[in-house]
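Please consult the sequence and the model shown below while reading.

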Amino acid sequence: MTPTGTPDQIWAESRRRLIPGTVIGSLIEWYDIAVYGQAAALVFGTLFFPQFSDTAGRVAAFATFGVGYFARPLGAMIFGHVGDKYGRRFSLVCTLLLMGIATVVIGLLPTYAGIGMLAPVLLVVCRLLQGLGVGAEYVGAVTMVAEFAPAKKRGYFASLPASGVFLGIGLAAAVSASVSALPNDQLMSWGWRVPFLLSFVVVGIGLLIRLRVPESPVFSELKEARARTKVPALTMIKAMPKRLLLVMVANGVLAFNIYVVQTYSLSYLAGKGVAKSSALVAVLVGCAVGAAVIPVLGKVSDRSGRKPVYLAVSAFCALVPFPFFWLLDTRNVGLIVLAFALALGGCLAMFGSQAAFYAELFPAQYRFSGFALGREIPGAVLSGPAPVICVGLVTLGAGSPSLVAVAMVVVAVAGLLAVLALPETRGIDLAPMVEPFPAVTERAGA
């Protein structure tokens, strides 16, 4: 299903299905990630690694969380290739199904008490499948919207799938907060499964919407011109290695800091005696703020440029980590909520400035692959190991989170410097450059 007509007519016809179809995919992706991360922080150590000490079990549970991130670059390569070669829409349907099925299966798994060591093995397999699907889901959604949207409003509309990220994290926090209020025996016997099984409903709704989303007009033009490359990722790496590296460094804040905030901090608060439900409610409030701020930043980037907005948010990210942990250490619920509002609503709302920017940095022939690898390779290096790194740094700091805060600041400053080295992209034409490829070869300084 390919829309026809002028760009304005195509946008008017497609927007009603496209925006919900891409937002709900991001919602599901991050719901799945957040539910798993919250379960790893709160119950998986006991359920799947009871033979370990409390600390070792928590590290093992976080390690299974990290395993999915090692699969994400592979998922980015596979589904980025599919998206660049066979269609953005087809890739998005595949990733949605893979993520959803893997998440539901986790909710059906027997625990260590039922089948012994096979339980954590199956958990790791499901996590790997999740990682493959997640590796290109958000990128595909943003790429689709960016290629449809009018250039003057691209930042705003491309940011909307990113709101789905925070809605997904918030939904996961709401569901997890509800089940964590259960008596402990019910939580550990069946309550922990509920958030995973609910993914079945959300995926079903998402699939119905996504199957009605039309194919990107940019990809359709690429296909008709027979300008698709044989191996998009390889072509991109050869043509734009510097740009790819800069995008990876710029994405470090979202690859590391977000998992410190939404995953490790829950375990940190639990160790301080803060109720699980209070911590999850704080995440929910932070996500609500983030979901509101993201499209605002997208709209500002349409007026002021992608780089100024991204630089401002990166600078804010460098300022937040120490106050974040200071507020957590008070164990005051109101101040903990404020901490998450700052970290999720402010610092990590860089999703709003990132969306259109990353899509505009790569030519149509390998846009999906470049965007996906630029986001997911840092994920394999930083996102998955983030909670384990935090446990190690806090242990090294004799219980103080100062070293974790330092790491977050370093990542944010590195990202800021990387963005400075990237070109401004606001308003560029995203249509494919057909032979010769003048926009495909990297220029000095870009």
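## Packing of helices α19 and α20

Helix α19 (residues 351-360) and helix α20 (residues 367-383) have axes that come within 9 Å and cross at roughly 140°. Axes here are lines fitted to C-alpha atoms, for helices over the stretch in contact, with angles from 0 to 180 degrees between N-to-C directions. Helix α19 is therefore oblique to α20; angles under 35 degrees count as roughly parallel, over 145 as roughly antiparallel, 65 to 115 as roughly perpendicular and the rest as oblique. On the α19 side the contact is made by F351, Q354, A355, Y358 and A359, and on the α20 side by R367, F371 and R375; contact means heavy atoms within 4.5 Å. By type, the residues of this contact comprise five nonpolar, one polar and two charged. In this division Ala, Val, Leu, Ile, Met, Phe, Trp, Tyr, Cys and Pro count as nonpolar, Asp, Glu, Lys and Arg as charged, and the others, Gly among them, as polar.

## Basis of the model and overall fold

The model is predicted: local features need pLDDT of at least 70 and side-chain atom pairs count only at pLDDT 80 or more, whereas totals for chains, interfaces and linings use all residues. Residues are numbered from 1 along each chain as its sequence is written, and side-chain values use heavy atoms, with hydrogens and water left out.

The chain has 22 helices and zero strands. Helices (H or I, at least four residues) and strands (E, at least two) are DSSP runs, numbered from the N terminus. Of its 446 residues, 59% count as buried; buried means under 20% relative accessible area, exposed over 50% and partly exposed in between (1.4 Å probe, protein chains only). Among contacts with a separation of 6 or more, 86% join residues 24 or more positions apart.

## Nonpolar cores

The largest nonpolar core has 125 residues, and those with the most contacts inside it are F44, F324, F325, L328, F340 and F351. Helix α1 (residues 7-42) supplies the largest share of this core, 12 residues. Such a core is a set of buried Ala, Val, Leu, Ile, Met, Phe, Trp, Tyr and Cys residues joined through side-chain atoms within 4.5 Å. Another core, of 11 residues, lies apart from it and includes L18, L92, V145 and F157.

When its neighbours within four places in sequence are left aside, F340 is in contact with V261, S265, L269, A282, V283, G286, F324, L328 and G345. Helix α1 also contains L42. With the neighbours within four places again set aside, L42 is in contact with K276 and L280. The C-alpha atoms of L42 and S180 are 9.0 Å apart, although these residues are 138 residues apart in sequence.

In helix α13 (residues 241-250), the buried residues are R243, L244, L246, V247, M248 and A250. They pack against α12 (232-239), α14 (252-271), α16 (306-319), α19, α20 and α22 (402-421).

## Aromatic pairs

The structure holds 14 aromatic pairs. The ring centres of F322 and W326 are 6.1 Å apart and the planes are at 45°, so this pair is tilted. Rings of Phe, Tyr and Trp (its six-membered ring) pair if their centres lie within 6.5 Å; planes under 30 degrees apart count as stacked, over 60 as edge-to-face and the rest as tilted. Both residues of the pair, F322 and W326, belong to helix α17 (residues 321-329), four residues apart, about one turn of the helix. F322 is partly exposed, at 29% relative accessible area, whereas W326 is exposed, at 56%.

The rings of Y358 and F371 have centres 5.7 Å apart and planes at 75°, so they form an edge-to-face pair. Because Y358 lies in helix α19 and F371 in helix α20, this pair ties together parts that are 13 residues apart in sequence. Y358 is buried at 0% relative accessibility, and F371 is buried with a relative accessible area of 0%. Ring pairs link Y138, Y310, F351, F357, Y358 and F371 into a cluster.

## Loop residues with positive phi

R331 is not a glycine, yet its phi is positive, at about 60°. R331 lies in the loop between α17 and α18 (333-346) and is exposed at 52% relative accessibility.

A398, also not a glycine, has a positive phi of about 55°. A398 is placed in the loop between α21 (386-396) and α22, and is exposed with a relative accessible area of 74%.
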